[in-house]
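Biologist: I am new to this structure and would like a guided look at it. Could we begin with the terms you use for burial?

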Amino acid sequence: MYTQALDTHGREPVPAAEGAGPAARFQARIDADEKIEPKDWMPEAYRQTLIRQISQHAHSEIVGMLPEGNWITRAPTLRRKAVLIAKVQDEGGHGMYLYSAAETLGVSRAQLIEQLLSGAAKYSSIFNYPTLTWADVGAIGWLVDGAAIMNQIPICRCSYGPYARAMVRICKEESFHQRQGFEIMLTLAQGSAAQHAMAQDALNRWWWPSIMMFGPSDGDSRHTAQSMAWKIKRFSNDELRQKFIDVTVPQAQFLGLTIPDPRLRWDEATQHFQIGPIDWSEFYAVLKGNGPCNRERLEARRAADAAGAWVREAAAAYAAKHGGRAPAGASHG
């Protein structure tokens, strides 16, 4: 899964003290599609942008385990249960890859976790919506993971090497998650009238939040231009959103489901599907902590952190006794 709230803060300028020489050489490497590695010189603004984006991505993977984990004990069959367990486990692994990538930029995992638990760091607002029925698990896989894949594949070509390499495996696993979700929706859509209605209801509730996953429109996005110049991002928010819409609408038609947008239409001139206006007030309200499950999600993470304190303390004590380093995340995780 992926976080959309990556460009909702002000842009950090490149400090003048770093000089035009190193900055120019750095940009030349970016323009030549060279990978920037942890020990290479980089503008402080580049480093801070990556820390924010990668950490928010990691937080989203971890918090994203909660909506689906809620259905593990209630999955309708043993096969569905096993697949869902594997998927939730994958998401936890994605978070660990990404925290490790962020640590290469000089920030500790303990700092990142503390930012999440305190509410200072953002994660994807889409995980602040509830999973009311089994069809929601399908909708998350189909729509949310589908949007994530659209967003993440270009990050495999991100200019920062550790982030790009982490995304290769993540994208492979996310593709399975999307297929799992689509299969659930297909089974429900082709089932009884009640099952079809359940699938339609899930689509109705998850369509617009999924559309918002790509972040604010380009005109309102504060970081897109700089992130694209640094090749952290390869496409703008609106470009990725349009790709997702063009792929997903035919899938909904195949399922026999109706996109909840009366203004949706095919534009022959542009060869794209055009949608109605997006309610950005909802997006920003959820982002500010006023979504249906914001408080519940953070309380769950804080409870998990507190419950695991004794494990971290034991690991740190063992490391101290044997003169070694404590395992990564021994102070948090």
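Modeller: A residue is called buried when its relative accessible area is under 20%, exposed when that area is over 50%, and partly exposed in between. Please keep in mind that this is a predicted model.

Biologist: Is Phe26 buried or exposed, then?

Modeller: Phe26 has a relative accessibility of 3%, so Phe26 counts as buried.

Biologist: And how many aromatic pairs are there?

Modeller: The count comes to 12 aromatic pairs. In one of them, the ring centres of Phe26 and Trp41 are 6.0 Å apart and the planes stand at 75°, so this pair is edge-to-face. Phe26 belongs to helix α1 (residues 20-31) and Trp41 to the loop between α1 and α2, so the pair ties together parts that are 15 residues apart in sequence.

Biologist: What is the exposure of Trp41?

Modeller: Trp41 has a relative accessible area of 35%, so Trp41 is partly exposed.

Biologist: Which residue pairs with Tyr46?

Modeller: Tyr46 forms an edge-to-face aromatic pair with Trp230, at 5.5 Å centre to centre and 90° between the planes. Tyr46 lies in helix α2, while Trp230 lies in the loop between α9 (224-229) and α10 (237-255), so this pair ties together parts that are 184 residues apart in sequence. Tyr46 and Trp230 are both buried. Through ring pairs, Phe26, Trp41, Tyr46 and Trp230 are linked into a cluster.

Biologist: Turning to charges, which ring does the charged end of Arg74 sit over?

Modeller: The charged end of Arg74 is placed over the ring of Trp71, 3.9 Å from the ring's centre. Likewise, Arg179 lies over the face of Phe176, at 5.0 Å from the ring centre.

Biologist: Let us change topic to helix α5. Which of its residues are buried?

Modeller: Helix α5 covers residues 109-118, and its buried residues are Arg109, Ala110, Leu112, Ile113, Leu116 and Leu117. They span an arc of only 160° around the axis, which puts them on the same side of α5.

Biologist: Which residues other than glycine have a positive phi?

Modeller: Asp33 is one of them, with phi near 65°. Asp33 is found in the loop between α1 and α2, and its relative accessibility of 45% makes it count as partly exposed. Gln271 is another residue other than glycine with a positive phi, near 60°. Gln271 is placed in the loop between β1 (265-267) and β2 (272-274), and at 42% relative accessibility Gln271 counts as partly exposed.

Biologist: One more residue, please: where is His177?

Modeller: His177 is in helix α7 (residues 161-189). With 3% relative accessibility, His177 counts as buried. Not counting residues up to four places away in sequence, His177 touches Lys87, Asp90, Glu91, His94, Gly141 and Asp145. His177 and Lys231 are 54 residues apart in sequence, and their C-alpha atoms are 27 Å apart in space.

Biologist: What about Leu240, buried or exposed?

Modeller: Leu240, in helix α10, counts as buried at 4% relative accessibility. Leaving aside its neighbours within four places in sequence, Leu240 is in contact with Met150, Asn151, Pro154, Phe214 and Phe235. Leu240 and Ile278 are 38 residues apart in sequence and 15 Å apart in space, C-alpha to C-alpha.

Note on methods
Residues are numbered from 1 along each chain as its sequence is written. This is a predicted model: local features need pLDDT of at least 70, side-chain atom pairs count only at pLDDT 80 or more; totals for chains, interfaces and linings use all residues. Side-chain values use heavy atoms; hydrogens and water are left out. Buried means under 20% relative accessible area, exposed over 50%, partly exposed in between (1.4 Å probe, protein chains only). Helices (H or I, at least four residues) and strands (E, at least two) are DSSP runs, numbered from the N terminus. The arc is that of the directions from the helix axis to the C-beta atoms. Rings of Phe, Tyr and Trp (its six-membered ring) pair if their centres lie within 6.5 Å; planes under 30 degrees apart count as stacked, over 60 as edge-to-face and the rest as tilted. A charge sits over a ring if NZ of Lys or CZ of Arg is within 6 Å of the ring centre and within 35 degrees of the ring normal. Contact means heavy atoms within 4.5 Å.
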